[in-house]
Amino acid sequence: MATFGEYIKIKREEKGMTQDKLSKLLDIPYTDVSHIERGRKKFKFNKLSELANVFNIELQELKDLYGADIMLDQKKKYEC
């Protein structure tokens, strides 16, 4: 299973979009996109709606993937 950051990278590349373009569309720093895709930073929940619009994806689908990623991190953290 891909992390949420990896998912964003896959969708961005499917759209033929650069990290810079995505950062401008989401109004976030370019470096944040890079860090999110590499798993060094978490995507902000309050930006999910904008991301859904950019990728033309249902918001609930993104919320589900986002939640699964958070749960996976917790599982790793607590060695479940």
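## Helix 3 and what follows

Let's start with helix 3 (30-37), whose buried residues are D32, V33, S34, I36 and E37. Here, buried means under 20% relative accessible area, exposed means over 50%, and partly exposed is in between, with a 1.4 Å probe and protein chains only. Helices are DSSP runs of H or I with at least four residues, strands are E runs of at least two, and both are numbered from the N terminus. This is a predicted model, so local features need pLDDT of at least 70 and side-chain atom pairs count only at pLDDT 80 or more, while totals for chains, interfaces and linings use all residues. Residues are numbered from 1 along each chain as its sequence is written, and side-chain values use heavy atoms, with hydrogens and water left out.

What do those buried residues of helix 3 pack against? Helix 1 and helix 2 are their partners. Just after helix 3 comes G39, with a positive phi of about 80°.

## S23 in helix 2

S23 sits in helix 2 and counts as buried, at 4% relative accessibility. Setting aside neighbours within four places in sequence, S23 is in contact with I28, P29, Y30 and V33. Contact means heavy atoms within 4.5 Å. V33 also turns up among the buried residues of helix 3.

## Helix 1 and its buried side

Helix 1 (4-14) has F4, G5, Y7, I8 and R12 as its buried residues. They cover an arc of only 155° around the axis, so they lie on the same side of helix 1. That arc is taken from the directions from the helix axis to the C-beta atoms. The buried residues of helix 1 pack against helix 2 (19-26), helix 3 (30-37), helix 4 (48-55) and helix 5 (59-77).

After helix 1 comes G16, which has a positive phi near 70°. T3 and R38 are 35 residues apart along the chain, and their C-alpha atoms are separated by 9.2 Å.

## The largest pocket

Rolling a probe the size of a water molecule over the atoms shows where empty space is left. A pocket here is an open set of points on a 1 Å grid over the protein atoms alone, where a 1.4 Å probe fits, with protein on both sides within 12 Å along at least five of seven lines; lining residues have an atom within 4 Å of a point. The largest pocket holds about 190 Å³ of space, a volume filled by probe spheres set on the points, with grid points joined across faces, edges and corners.

Its lining has 17 residues, and T3, G5, G39, K42 and D69 lie nearest the centre. Helix 1, helix 3 and helix 5 each give two or more residues to this lining, with helix 5 providing the largest share, six residues. By class, the lining has six nonpolar, three polar and eight charged residues. Nonpolar covers Ala, Val, Leu, Ile, Met, Phe, Trp, Tyr, Cys and Pro; charged covers Asp, Glu, Lys and Arg; the others, Gly among them, count as polar.

## The whole fold

The protein has five helices and zero strands. Its radius of gyration is 12 Å, close to the 12 Å that the globule rule gives for 80 residues, so the protein is as compact as a globular protein of that length. The radius is taken over C-alpha atoms, and the rule is 2.2 Å times the number of residues to the power 0.38. Along its principal axes, the C-alpha trace spans about 40 × 25 × 20 Å.

Of the 80 residues, 34% count as buried. Among contacts between residues at least 6 apart in sequence, 52% join residues at least 24 apart.
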